[in-house]
Amino acid sequence: MSEIAVKIENLSKQFQMAGSGSLRETLAGLFSKKEKKEEFWALKNFSLEIKKGEIMGVVGKNGAGKSTLLKILSRITEPTSGKATLYGRVTSLLEVGTGFHPELTGRENIFLNGSILGMTRVEIRQKFDEIVEFSGVGKFLDTPVKHYSSGMYVRLAFAVAAHLEAEILILDEVLAVGDAEFQRKCLGKMNEIANDGRTVIFVSHNLGAVRSLCTAACLIQQGQLILTGSTDEVLQTYFNNNLGEKASFHRFINSYQNQTLTLRPTELAVVVNGEISGLMEMGDDLAFDVGFEADAPVSQIYLSVVLTSTVFGDFLHSSTHFLPTFRFPQPTQKGKVRINFGRLQLITGRFIASFWVGAAVNSVEVLTEALHFEIQEKDVWGTGKLSPRVSSMWWDTPFELLENS
Amino acid sequence: MNSTPETKLSVLVIEPSKGVFNLNFRELYAYRELLWTLTYRDLRVRYAQTVIGALWALLNPLFTLLILAFVFGVVAKVDTGQNAAGQPIPHLLYTVAGMAGWAYFASLFSEAGTSIIGAQGMVKKIYFPRLIIPLSKAATAFIDFAIVLGFMVVLMIYYGFSPTANFVFFPLFVIIAIVSGLAGGIWMSALTIRFRDFQHVTPFILRLGMYATPIAYPAAAVPEKYQILFYFNPMAGVVEGMRWSLLGGAPLHWYSYISFAAIALMLLLGLFYFKKVEKIMADIL
């Protein structure tokens, strides 16, 4: 088991920022002295060893160099310096359905995608039935995929990818697709791959997936390896680092990514037991306040919130979208809405709330990871025992003896 | 897991490539199935959307043929000579024989030239030898070739012409046309990635080339002092040669070999340049 599957030594990748070399610049450059271009190291002296059979989760913020690392390991782009050695047949999956053509049928696309991913026709034929069964699009196999729903499309694409035979598998966020049922299926398939003794390199923002799938993890920051070790340890460090920068339980908003909004969020706050606070104990009441302002009085607001555990990933979604009965008693231009969860039984740890606020589902400001708060341990059971952190929530479930003899 | 016996343990080393000229034909060969698959996709998809689409494929070369035959045959009254049997070659037939090679070249050249840009979704997401993409266009261009050859057959029957013994050389000129189209296409695909300006160059070259190539007139009609310059056009020799193999008539000028040499050189340099751009392709797309 301690055999090395992937060995990365001082891998670096440099991009040149200014002037990507248009024809005019290149021609002009022939006659003038070389100017120093702005340089940017997307990856700098990155070294890592991955053991055979290990499932290595790569975490880091956007722009930290995760994608560059994957692209180099997938041979899509060349490193500027350094070396990576991969022992075994490598397949990388940076996207599902690469090369899929909308005019071709599902059957044809299976062969097309399979061979793009490096399978031989013989291999694809052998696994064809399995792929079709896994995808669940059997009935539409001879229909052009342009008539597929996006869910079917993704299922078919993932099904091909899931049946690749590779000793080393490089995966990028491909699990963030499809409906919940299919995601579960994908995670199951991933587990199967993992138990097969294959080596997997997995980049994802789905921290729940990283936690449940990976046997080890590493953290990239600004192109450099910060930490490698157990998944728990790395995820914890990642969040601690992240929180230091932008931890906030109360914020005012005055600039927007979406410039076309007719209704804008102005304020977000975590409310614990009726008061704005970033700290709560297990068993406290939790609510969020969302201040808004509209161009004209409105009687409705679109509001969605997703709660994320820094350890277990997204676990709760609530939205006005499914509650069309939530209307203001009279048209309101400026106001505040409280999202009242009541006694939400969250386990100790750090939590993040993301919001979608706007006039309608297609006109929203997305406030990803907008609020952070922390839940502290409390003897909620009255037994003096600490709660084990196995999921994001605890529940004081009644147990009952049904039969005895 | 049943792993195939030959995969004992493949070791992949990723390093910055050295500046040596390494085409890696072995890898290209290993990816041949992908080449077939992409070719199949292109063929399948080409006229998938409309019925009219397939009709356009016929109308386009037909009108080109009629215009060329009208301008050079009716208006300019270019002398097309006679075949070995002493039959005078009708202008329409002369032009269609010239167009065959050109149609193949033009199709391959323009398809291959835009091929990498068209496949950027794939290029950015998965590794394979990028050369596969322009190469896969070599087969689809045969559609355009076949259409013109179809016209050719019809006209030959109509005018009562039969193929001459020269026909044995026909495949040779087809191969030269493939190489020529690929050479140009590979150049263009790499240049277009590097400098988007070249997107506009392809149609320009093709329009110019259609007149600078002896499609509807014999190369011999070009004044002697311009002849050598004329044959620097890689397609000049191919078009003359292909017509000669189909209809007979005046043998090839030795300058044709300049054309062929130009093609070989262009392909070699094109591959070299393509390899250079391939390294940074995913970064600049």
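The dialogue below works through some terms used for this predicted model.

Trainee: Why are α8(B) and α11(B) called roughly antiparallel to each other?

Mentor: Helix α8, residues 170–194 of chain B, and helix α11, residues 234–247 of chain B, pack at an angle of about 160 degrees, with their axes 9 Å apart. Angles over 145 degrees count as roughly antiparallel, and α8(B) and α11(B) are therefore given that name. The crossing in which α8(B) passes α11(B) is left-handed.

Trainee: Which residues make the contact between α8(B) and α11(B)?

Mentor: From α8(B) come B:F170, B:F173, B:V174, B:I176, B:A177 and B:S180, while α11(B) brings B:P234, B:M235, B:V238, B:G241, B:M242, B:W244, B:S245 and B:L246. Sorted by class, the residues of this contact of α8(B) with α11(B) are 11 nonpolar, three polar and no charged.

Trainee: What makes α11(B) and α12(B) oblique to each other?

Mentor: The axes of α11(B) and of helix α12, residues 256–278 of chain B, cross at roughly 125 degrees and come within 7 Å. The range for roughly perpendicular is 65 to 115 degrees and roughly antiparallel needs an angle over 145, with oblique kept for the rest, and α11(B) and α12(B) are therefore oblique. Here too the crossing is described by its hand, and α11(B) passes α12(B) in a left-handed one.

Trainee: Which residues of α11(B) and α12(B) meet?

Mentor: On the α11(B) side they are B:P234, B:A236, B:G237 and B:V238, and in α12(B) they are B:S256, B:S259, B:F260, B:I263 and B:M266. The contact of α11(B) with α12(B) has six nonpolar residues, three polar ones and no charged ones.

Trainee: Turning to chain A, how do you know that A:T68 is buried?

Mentor: A:T68, which lies in helix α2, residues 66–73 of chain A, has a relative accessible area of 13%. Buried means under 20%, so A:T68 is buried. Leaving aside residues up to four places away in sequence, A:T68 touches A:K13, A:F15 and A:A42. For chain A as a whole, 49% of its 405 residues count as buried.

Trainee: Why is A:R75 called partly exposed?

Mentor: The relative accessible area of A:R75 is 28%, and partly exposed covers values between the 20% limit for buried and the 50% limit for exposed, so the name partly exposed applies to A:R75. A:R75 is found in the loop between α2 and β4 (81–87) of chain A, and, not counting residues up to four places away in sequence, A:R75 touches B:L12, B:I14, B:E27, B:Y31 and B:Y127.

Trainee: What is said of the phi of A:N273 and of B:K77?

Mentor: A:N273 has a positive phi of about 50 degrees although it is not a glycine, and for B:K77, also not a glycine, phi is likewise positive at about 50 degrees. A:N273 is in the loop between β11 (263–272) and β12 (275–276) of chain A, whereas B:K77 is in the loop between α3 (51–75) and α4 (91–113) of chain B.

Trainee: What makes A:N273 partly exposed, and what makes B:K77 exposed?

Mentor: Exposed means over 50% relative accessible area. B:K77, with 64%, is therefore exposed, while A:N273, with 46%, is partly exposed.

Notes: Residues numbered from 1 in each chain as written. Chains lettered and ligands numbered in written order. Predicted model: local features only at pLDDT ≥ 70, side-chain atom pairs only at ≥ 80, totals over all residues. Heavy atoms only, no water. Axes fitted to C-alpha atoms, helices over the stretch in contact; angles between N-to-C directions. Helix = DSSP H or I, 4+ residues; strand = E, 2+ residues; numbered from the N terminus. Parallel < 35°, antiparallel > 145°, perpendicular 65-115°, else oblique. Left-handed = near helix turned anticlockwise from the far one by under 90°. Contact = heavy atoms within 4.5 Å. Nonpolar A, V, L, I, M, F, W, Y, C, P; charged D, E, K, R; others polar. Buried < 20%, exposed > 50% of the residue type's maximum accessible area, 1.4 Å probe, protein only.
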